[in-house]
Amino acid sequence: MSFLAIDIGNTRLKWSQYSEPRPGAKLLAHGAEFLENIDKLADGPWSALSTPTHMLGCIVAGDAVKRRVHEQMEIWDVAPQWVVSSAAEAGLVNGYDHPTRLGADRWVAMIGARHRMLARGPARPMVVVMVGTAVTVEAIDAEGKFLGGLILPGHGIMLRALESGTAGLHVPTGEVREFPTNTSDALTSGGTYAIAGAVERMVQHVRMHCGAEPVCTMTGGAGWKMAPSMSVAFELVDNLIFDGLLEMAKLRFAA
Ligand SMILES: Nc1ncnc2c1ncn2[C@@H]1O[C@H](COP(=O)(O)OP(=O)(O)O)[C@@H](O)[C@H]1O
Ligand SMILES: CC(C)(COP(=O)(O)O)[C@@H](O)C(=O)NCCC(=O)O
Ligand SMILES: [K+]
């Protein structure tokens, strides 16, 4: 028995193979590929894996990418299953106007974050931050209701948008500075503090709305870039989506 979890964002595919489809299962193998390289998975890293008995993934990169991943999975006799955000699952209630339109990665990460918190202590409100191609900042109350969330451009998109929309902003990546004194540092710092500021605001909103201090959990490929510049207390976790997929797999594939 083994379980393959896959998270496909707009920049990279991340995968992890576990001994079983449940939280606490042993991690057997893992990897990440930029989307332009996913056609080499079956002949590359996946060729060394034992056949997964179950697979669950989340994808926000579109149907063409999904088809390419299905092709790579043909080396195994396993049915691909992809999460669709729903009105309620695994202890979370979805407050989105149209629950199925919520990005599956956001839904799965929130489920992972909430279970992680409950495993450690009493239920508290949460702010869940994902720093990937885009940045999302989610609010969850102490009862597990997703109240709503912010979507911002990630570092790369912010810089490319400024480069393409101006004549004078073609410069190398800079450093994060409190008082930037060159264009590179001004751009890098502007993007970083835009994200940090959005998180700070969401923490304020949740504190006011829930009347309690939220737990702030941050994840995503570029989370480490944000960590030194945050203005609120937070925990950086590298696998919230896989935590969530394991929780959902436990409910779907329980023997
Ligand atoms: N070694 C790395 N490989 C890939 N992305 C990286 C790396 N280090 C930092 N990043 C940043 O992480 C972002 C991708 O994060 P990721 O969580 O994979 O995004 P997504 O889920 O949207 O595909 C990139 O936009 C990039 O800024
Ligand atoms: C917000 C996102 C683009 C984030 O994508 P990512 O940065 O993980 O590649 C993705 O979750 C998405 O396409 N969401 C659908 C719209 C929504 O959640 O409202
Ligand atoms: K993501």
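Axes are lines fitted to C-alpha atoms, for helices over the stretch in contact, and angles run from 0 to 180 degrees between N-to-C directions. The model shown is predicted: local features need pLDDT of at least 70, side-chain atom pairs count only at pLDDT 80 or more, and totals for chains, interfaces and linings use all residues. Residues are numbered from 1 along each chain as its sequence is written, and chains are lettered from A and ligands numbered from 1 in the order in which they are written.

**View 1. Packing of helices α2 and α6.** Helix α6 (residues 240-253) packs against α2 at an angle of about 85°, the axes being 7 Å apart. The two helices, α2 and α6, are therefore roughly perpendicular (65 to 115 degrees). Helices are DSSP runs of H or I with at least four residues, and strands are runs of E with at least two.

**View 2. Residues between α2 and α6.** Residues of α2, including D105, V108 and R116, meet residues of α6, among them L240, D243 and M248. Contact requires C-beta atoms, placed from the backbone, within 7 Å. The residues of this contact comprise eight nonpolar, three polar and four charged.

View 3. The unreviewed UniProt entry annotates Y96, G103, A104, D105, R106 and T183 as "binding site". These residues span 88 residues in sequence, and the farthest two C-alpha atoms are 38.7 Å apart, so they do not all gather at one spot. Such annotations may be inferred rather than shown by experiment.

**View 4. G103 and A104.** G103 lies in the loop between β6 (92-94) and α2 (104-120), whereas A104 belongs to helix α2. G103 has 19 C-beta neighbours inside 10 Å and counts as partly exposed; A104 has 21 and counts as buried. Buried denotes 20 or more other C-beta atoms within 10 Å, exposed 12 or fewer, and partly exposed in between. A104 touches C58, I59, V60, V83, V84 and S85, not counting residues up to four places away in sequence.

Terms used. Two residues are in contact if their C-beta atoms, placed from the backbone, lie within 7 Å. Angles under 35 degrees count as roughly parallel, over 145 as roughly antiparallel, 65 to 115 as roughly perpendicular and the rest as oblique. Ala, Val, Leu, Ile, Met, Phe, Trp, Tyr, Cys and Pro count as nonpolar, Asp, Glu, Lys and Arg as charged, and the others, Gly among them, as polar.
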